[in-house]
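Reader: Hey, got this one open on my screen. Can you walk me through it?
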Amino acid sequence: MADIKVRLLRSDDDRSGFESGHMDLDRFFRQYAAQNQFRHHLGATYVAHDGAHVLGYMTISAGHIEIDDLPKSRRKKLPHYPLPILRLARLAVDRSAQGRGIGKLLLRSVFEISRNMAESFGCVGVVVDAKAEAEAVAFYERYGFEALDVIEGKLGSRPEPLPMFIPIGSIPKR
Ligand SMILES: CC(C)(COP(=O)(O)OP(=O)(O)OC[C@H]1O[C@@H](n2cnc3c(N)ncnc32)[C@H](O)[C@@H]1OP(=O)(O)O)[C@@H](O)C(=O)NCCC(=O)NCCS
């Protein structure tokens, strides 16, 4: 892992062959990540890179959440106006590199950015739009995320986004 670094996407990064096994995440990275970042400024994509290849990516943006959307246990003492959060919109690792700690490395970067955000201009936690597939949900639960909403009666094959949340106070220091 020592030679794998997380850094901001560059316009000349080759994204054409990226394949995580998740079609929507792959299409976004190949076709839209650069224009969203460099032209529209909708968010920032960071890549895990070994010097030659992009092995994984994550896309984040600043967002907000209403207090009523937080789990009841997390609402105490918070005010009733939009609360600042860091949104983890997408995270994926290339199939060739899965299971080597790169997802964890990218998530650590998300946590570090959320702590900096909390210190610089406020952040009550991180919200991730997990695809409501058992594997993505299990991955985020491992790191302390909890589901914000229970999806009932949706058993179709197309995954629905499932928002999950981790409060800033529960984010591991390192
Ligand atoms: C899910 C995904 C991001 C994980 O990345 P990865 O680099 O393969 O995972 P890592 O090697 O960093 O694993 C970190 C830890 O999470 C665990 N883990 C990995 N995938 C997991 C899963 N699907 N469910 C539960 N735990 C998982 C690992 O066992 C490891 O645990 P450890 O620290 O105790 O050893 C990656 O497999 C992927 O891109 N999958 C396809 C796209 C996807 O589903 N993205 C989810 C966002 S919606």
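Reader: So what does Tyr 57 stand opposite in β4?

Author: Tyr 57 faces Ala 92 there. Keep in mind that this is a predicted model.

Reader: And how many bridges join β3 to β4, and which way do they run?

Author: There are 10 bridges between β3, residues 54–65, and β4, and the two strands run antiparallel.

Reader: Which helix packs on the sheet there, touching β2, β3 and β4?

Author: That's α1, residues 23–38. The direction of α1 makes about 130° with that of β4.

Reader: OK, other neighbour of β4. In what sense do β4 and β5 pair?

Author: Parallel, over three bridges. In that pairing, Arg 87 stands opposite Val 127 of β5.

Reader: Is β5 mostly enclosed or open?

Author: β5 is largely enclosed by the rest of the structure, because five of its seven residues are buried.

Reader: Zooming out, what's the strand order of the sheet?

Author: The order is β1-β2-β3-β4-β5-β7-β6, in an open sheet of seven strands with mixed pairing.

Reader: Remind me, how do strands of a sheet pair in general?

Author: Through backbone hydrogen bonds, in either a parallel or an antiparallel way.

Reader: What about α2, which strands does it lie across?

Author: α2 lies across β1, β2, β3, β4 and β5, and runs at about 165° to β4. The helix has 19 residues and reaches 27 Å from its first C-alpha to its last, close to the 27 Å expected at 1.5 Å a residue.

Reader: Which residues of α2 are buried?

Author: Ile 102, Gly 103, Leu 106, Leu 107, Val 110, Phe 111 and Ser 114. As background, an α-helix has 3.6 residues a turn, so residues three or four places apart point the same way.

Reader: What follows α2?

Author: Gly 122 does, and its phi is positive, near 100°. The C-alpha of Gly 122 is separated by 8.6 Å from that of Leu 83, although the two residues are 39 residues apart along the chain.

Reader: Where does Leu 83 lie, and is it buried or exposed?

Author: Leu 83 is in strand β4. Leu 83 counts as buried because it has 20 C-beta neighbours inside 10 Å.

Reader: What does Leu 83 touch?

Author: Leaving out residues up to four places away in sequence, Leu 83 touches His 64, Ile 65, Ile 67, Leu 78 and Val 124.

Reader: Switching to the ligand. How many residues surround it, and which are closest?

Author: 21 residues surround the ligand, and the closest are Gln 98, Gly 103, Lys 104, Glu 135 and Ala 138. The elements that give two or more residues to that shell are β4 (83–93), α2 (102–120), β5 (125–131) and α3 (134–142).

Reader: Which element gives the most to the shell?

Author: α3, with five residues.

Reader: And what's the shell like by class?

Author: Around the ligand there are nine nonpolar, seven polar and five charged residues.

Methods: Residues numbered from 1 in each chain as written. Predicted model: local features only at pLDDT ≥ 70, side-chain atom pairs only at ≥ 80, totals over all residues. Near = placed C-beta within 6 Å. Helix = DSSP H or I, 4+ residues; strand = E, 2+ residues; numbered from the N terminus. Nonpolar A, V, L, I, M, F, W, Y, C, P; charged D, E, K, R; others polar. Pairing = 2+ DSSP bridges. Contact = placed C-beta atoms within 7 Å. Axes fitted to C-alpha atoms, helices over the stretch in contact; angles between N-to-C directions. Buried ≥ 20, exposed ≤ 12 C-beta atoms within 10 Å, placed from the backbone. Expected span 1.5 Å × (residues − 1).
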